[in-house]
Amino acid sequence: MNHLRAWVPALLPLSILLAWKLLGASGASLLPPLWGTLVLLSLWIGWHRQEALRFRAWFREKKTRIPPLSSGIWEETFAEGYHWRRHQEQRQHTLNQQIMQLRDALQALPDALLLMDDEGRLLWMNPAAVSLLHLHWPEDLGKPLSFWLRMPQMQEFLAGAGPSSMAMEFADRPNAAFEVLRYPLGSAGALVLFRDVTRLRQLEQVRQDFVANVSHELRSPLTVIRGFLENLLDSPLAQDAEVGPQLRLMEEQGQRMQSLVEDLLSLARVESAEPDPQRCENIFVAQLVERARESLMATILDKELALHLELDLGLAVFAEPLDISGIVQNLLENAVKYCPRGRDIFIAWGEEEGSLVLRVRDTGEGIPEEHLQRITERFYRVDKGRSRRIGGTGLGLSIVRHSAERYGGRLQVRSVVGQGSEFVVFLPAELARRGNSWQD
Ligand code: ADP
C-alpha cells in the first residue's frame, strides 16, 4: 500500500494527460499539459532531493536533535530516523555504563590483573597491578610484560608454555606468597592474575604443623604401650584362651596405629619444606630395592610372587635418603600387597630421555579408571575394607607423589583392570650421580 502511495504524485500528471486526451480535446495540442507535467515532475524530484539532503545533514549530526519540520513521506522518515537514533544512543549509554561498572569492579579488585595482547604487550592493568609490579599508567601500556617479569620460567609462562599457574615471590614483599594465573583469551591475548595466597599458605602450614605435632605426640605413648604389649605377649598370659586373642588383637591394632603415625610424619616431612642439601647424599636406588625386597620376602615367598629386576646398579640419585626409601618402600609394598598369588612384578631403575625413572609394574587386578585421578590423595582407597584388612594406611601413594614433587619430579600411574598397574616416578636428571655400584 505504501509503495502505491509513493507513486501517486508521479502518476497524477500522467492521469491528467490521459484525461485531457480522453475528454475529446483531440484537436487541441498536447504540448501545454506535457509542459505542465514536466514542470510538476521536476518540482517533485527537486523537493525529494532537497529533503534527502536535509535528512543526511540532520542524521550526520553527532547528537540527537529534534528533526526539522517536513511533510509527507519525509515527515515519517525523519520521525523513524529520530526514534532509531534515540534507541541507539540509549543502548550505547547502557553499554558504556556496564563497561564502567565492570572496570570499576576490576579496579577495586585486590588481586593484580593485567591484560596482554597475543604478543605479550600490556593492554590494560588495574591499580593493584600497578602497585605490585611498579608499573606506570598509562606510560607502560604497549610495553612487553616480560620486561617486568624477567625470570626464565616466567617468560615461558607468559608465552603460554607449561602450566597455567605458578607460585611467585617478590623481593620487596618477603613475607608474601603469590600465585600467578594465566587465562588465554584466544587471539585476543591473555588475562594474567596475581593472587596473594599468603593467608592460604599460612593456613596450610598450620594444618601441616598440627598433623605433624599430633603424630609426634602420639609416637611416644604408642611405643610404650606396644612395648608392654610385647612383654605381655611373651608372658604365659598370651596362652590364656580368653586373654590371648585380645592381646594379639591389641598388638595388631597398635601396629596399625604406629604405621599411621609414621606415615603421617613422613607425609608432613615431605610436604613441609624443600629438600635440605645438607641431608642429601648419593642414594643407590638398586640398594633400596634390594632392602625393600628383603623386608617383604616373607610375603613374596608366601604368595609365590616372581620379581623381575632391571636395575642400573651404578646409578644414584642425590636426595634425602628418607624421601627415596619412602618412594621405593611404598611402591614395592603396594605391588606385593595388591598382587594376587603367583603373579609377576617388574621393577626397573635407570635413565630415560633426560629423567631418572623408577618403574614398578605389577600384573595384579588393576585400578578402575575413575579412581586413577584421586589415587594419590591422602586416605583415598579404591576398596576401603580391603586396604584396611591388609594393613594399608591410605597414605603410601601420597607420600610417593609428594616425595617426587619435592625434587621437581612426578608420579605417573597407569592401570588396566584385569591386567595390572604401573607406577612410574620421574626425577630430574640433574640429580643423577654415577658411582661404583653399591655392591662393589
Ligand atoms: P594403602 O596404604 O591403602 O595401600 P596407598 O596410598 O598406598 O594406600 O594406595 C591407595 C590405594 O590405591 C590403595 O588403597 C589401593 O586401593 C590402590 N592401590 C595402590 N597400589 C595398587 C596396586 N599396585 N594395585 C592395585 N591397587 C593399588
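**Notebook: the ligand site and a helix pair**

Entry 1. I looked up Gly-396 first, and a polar backbone atom of Gly-396 sits 3.2 Å from an oxygen atom of the ligand. I note that the model is predicted.

Entry 2. I then checked Leu-397, where a backbone N or O atom is 2.8 Å from an oxygen atom of the ligand. For Asn-334 I looked at the side chain: one of its N or O atoms lies 2.8 Å from an oxygen atom of the ligand.

Entry 3. How much of the ligand's accessible area does the protein cover? On its own the ligand has 530 Å² of accessible area, and the protein covers 97% of that.

Entry 4. I listed the surroundings. The ligand is surrounded by 18 residues, and the closest are Asn-334, Tyr-338, Asp-362, Ser-387 and Thr-393. Helix H10 (321–338), helix H13 (396–405) and strand S12 (420–428) are the elements that give two or more residues to this shell. H10 supplies the largest share, three residues. Sorted by class, the shell holds eight nonpolar, seven polar and three charged residues.

Entry 5. I moved on to a pair of helices. Two packed helices are described by the angle between their axes and the distance between the axes. For helix H6 (residues 198–234) and helix H7 (residues 243–272) I noted an angle of about 150 degrees and axes 8 Å apart. Angles over 145 degrees count as roughly antiparallel, so H6 and H7 are roughly antiparallel to each other. Their crossing is left-handed. I sorted the contact of H6 with H7 by class and wrote down 14 nonpolar, eight polar and seven charged residues.

Terms used: Residues numbered from 1 in each chain as written. Predicted model: local features only at pLDDT ≥ 70, side-chain atom pairs only at ≥ 80, totals over all residues. Heavy atoms only, no water. Near = heavy atom within 4 Å. Polar contact = N/O pair within 3.5 Å; in protein donor to acceptor, adjacent residues only side chain to side chain. Areas by Shrake-Rupley, 256 points an atom, 1.4 Å probe, with all protein chains shown as cover. Helix = DSSP H or I, 4+ residues; strand = E, 2+ residues; numbered from the N terminus. Nonpolar A, V, L, I, M, F, W, Y, C, P; charged D, E, K, R; others polar. Axes fitted to C-alpha atoms, helices over the stretch in contact; angles between N-to-C directions. Parallel < 35°, antiparallel > 145°, perpendicular 65-115°, else oblique. Left-handed = near helix turned anticlockwise from the far one by under 90°.
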